[in-house]
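Dear colleague,

I am handing over the structure below, and my notes on what was found in it follow directly after. Please read them alongside the coordinates.

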Amino acid sequence: MNELIINNINKTYANGVKALDDVSVTITNGMFGLLGPNGAGKSTLMRTIAALQEPDEGSISFNGNDVIKDPSAIRRQLGYLPQEFGVYPKISAYRLLDHLAILKGILDNRERKEQIEALLQQTNLYQDRKKVVSTFSGGMRQRFGIAQALLGDPQLIIVDEPTAGLDPEERNRFHNLLSEIGENIIVLLSTHIVEDVRDLCTRMAIMSEGGLVLEGEPRQLIKDLRGKIWEKAISKDALEAHKAAYTVISTRLFAGETQIHVLSDDDPGQGFQTHEPGLEDVYFSILFDQQSVNC
């Protein structure tokens, strides 16, 4: 069983922005979702875990090794797919994986060939192995990114906003791939897309303004909201009045009408109907609470 322990991590940038605020969490094997809006500090946390930058305070250990004192301890066991990754121009997928495998220390030719071909098959890119990676579609590039992240049999995979910009078919294909690889290692998924966490993760945390504000199992967090979410269709010009009168956590347009979700322990009346909550309601209710605290 792999174990990543993050304890009281803080990071403030030179411009005074506090990117990480006393972050603590323990993560073991499986898919762990880190959900939060853009600017919440997710990418900063990912880079810190990957030993690409040091925190100002706190500690990180992976399988008993101190990541901050010995960054190589995690790099040897890490696969990392950042939000954006560059590729060499005019180099095929196979040749680029071969080059990256050598950089990761896979020097035996037969071992390297077997691993690369297996990863190309796993990511459904074998038939495109001779194509130049810079010509790949967005979904193909993300699958190639997972292939390079899996080189060397890592025990921790970090994927940062992996499905942003993908069409629904490619997103489903990517989900299936992540689910497959997340059974026996830690896969840390950082995203602002609620559906990614809902579909993939057995545990999750919500991040806001540099801190972790909620942690748990998605199913239990949803269960905890049952009977507390209420729904109503209203006209657009009635929205501000409802925001003043109720705890409106989210709004959306549906068939030309504005659908609002309200958080309340009791029936608000006035035409509201109870709504079976989803992870999106968990997410928006927590962000609403954070905004209320900061006001």
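By class, the residues that line the second largest pocket are four nonpolar, two polar and two charged, in a model that, please bear in mind, is predicted. That lining is made up of A50, L52, R75, L78, G79, Y80, K104 and Q148, and its largest share, three residues, is supplied by strand β6, which covers residues 78-81. The volume of this second largest pocket comes to about 200 Å³.

The largest pocket holds about 260 Å³ of space, and its lining consists of Y80, P82, F85, G86, V87, Y88, L96, L100, L103, K104, F144 and Q148. Two or more residues of that lining come from each of the elements α3 (93-103) and α5 (138-149), with α3 giving the largest share, three residues. Sorted by class, the lining of the largest pocket contains nine nonpolar residues, two polar ones and one charged one.

A separate point concerns D196, which sits in helix α7, residues 194-200. Is D196 buried or exposed? With a relative accessible area of 0%, D196 falls under the 20% cut-off and therefore counts as buried. The side chain of D196 makes a polar contact of 3.2 Å with the side chain of R171, and, once neighbours within four places in sequence are set aside, the residues in contact with D196 are T163, R171, H175, L189 and T191.

With kind regards

Definitions and conventions:
Residues are numbered from 1 along each chain as its sequence is written. This is a predicted model: local features need pLDDT of at least 70, side-chain atom pairs count only at pLDDT 80 or more; totals for chains, interfaces and linings use all residues. Side-chain values use heavy atoms; hydrogens and water are left out. On a 1 Å grid over the protein atoms alone, a cavity is a set of points where a 1.4 Å probe fits but cannot get out, and a pocket is an open set with protein on both sides within 12 Å along at least five of seven lines; lining residues have an atom within 4 Å of a point. Grid points are joined across faces, edges and corners, and a volume is the space filled by probe spheres set on the points. Helices (H or I, at least four residues) and strands (E, at least two) are DSSP runs, numbered from the N terminus. Ala, Val, Leu, Ile, Met, Phe, Trp, Tyr, Cys and Pro count as nonpolar, Asp, Glu, Lys and Arg as charged, and the others, Gly among them, as polar. Buried means under 20% relative accessible area, exposed over 50%, partly exposed in between (1.4 Å probe, protein chains only). A polar contact is a pair of N or O atoms within 3.5 Å; within protein, one must be able to donate a hydrogen and the other to accept it, and residues adjacent in sequence count only if both atoms are side-chain atoms. Contact means heavy atoms within 4.5 Å.
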